Amino acid sequence: MALVPYVENPLPALSKLNNSSAQFRFANHDLSLAQDWKNLGVAAVVWDAAIVMCMYLELGKVELKGKEAIELGAGTGLVGIVAALMGAKVTITDREPALDFLSANVKANLPPESQGSSVFVSELSWGEGLERYPAGGFDLVLGADIIYLEDTFVPLLQTLEHLCSDTTLVLLACKIRYKRDTDFLSMLRQQFAVEEVYFDRQRDIHVYKAWKLTTRRDL
């Protein structure tokens with residue numbers, strides 16, 4: 001997620017974003033995620049797309065146990081943490097300014113023995129330094145609310161192209177707010193097959209799965 005500091009908004013609908021933490025129960029674990037809206041902006045709050053993504057993972061439609069997964073634009077780290085608790089080996093990434101905050105949430109919510117062995121926090125700015133990550137080296141790529149900035153669409157697609165093999169599954173959770181959001185999905189469809197697999201009507205969040213067009217398989 002982009003690091004955009006935000007001036008406190010008095011609207012009640014946004015008041016929860018100013019809370020210093022957010023609590024959840026996923027994968028039979030009670031989780032407490034620190035938030036820092038004032039200093040780190042949108043990267044440091046739990047958005048509905050992350051919650052819905054975790055709900056979808058809990059449905060069990062995607063095999064996580066033993067899978068190599070990477071989360072892009074992780075923000076608070078909720079999605080990557082839940083994926084790890086469900087058995088995936090997860091690389092949780094965001095831009096460098098968010099890493100200390102992200103690492104603290106991972107440390108607070110995952111068993112010490114998993115940190116550094118099955119869970120890694122790493123810097124990733126989309127489209128940059130991709131050679132540090134294995135080409136096609138992941139079974140699963142996760143992204144929650146990461147397609148809202150038009151300037152990031154091309155580097156995000158470059159990143160997905162690099163990380164995905166012909167058998168990699170991409171899961172994206174997002175709210176379709178503007179035409180640019182559907183424009184991204186159109187761009188994605190030039191390289192990937194895309195299918196909507198879940199919709200949370202209450203939160204207005206869509207979950208899409210995608211895989212490289214070179215291979216069609218039942219998922």
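A residue counts as buried when its relative accessible area is under 20%, as exposed when that value is over 50%, and as partly exposed in between, using a 1.4 Å probe and protein chains only. Take Cys 164: its relative accessibility is 3%, so it counts as buried. Cys 174 is buried too, with a relative accessible area of 1%.

A quick word on what you're looking at. This is a predicted model, where local features need pLDDT of at least 70, side-chain atom pairs count only at pLDDT 80 or more, and totals for chains, interfaces and linings use all residues. Residues are numbered from 1 along each chain as its sequence is written, and side-chain values use heavy atoms, with hydrogens and water left out.

Now for those cysteines: how many disulfides are there? A disulfide here is a pair of cysteine sulfur atoms within 2.5 Å, and by this rule the count is zero.

Let's zoom out. The chain has 219 residues, and 51% of them count as buried. It holds six helices and nine strands; these are DSSP runs, numbered from the N terminus, with helices (H or I) of at least four residues and strands (E) of at least two. Look at contacts, meaning heavy atoms within 4.5 Å: among those between residues at least 6 apart in sequence, 67% join residues at least 24 apart.

Finally, find helix H3, which spans residues 78-85. Eight of its eight residues are buried, including Leu 78, Ile 81 and Leu 85. Just after H3 comes Gly 87, which takes a positive phi of about 105°.
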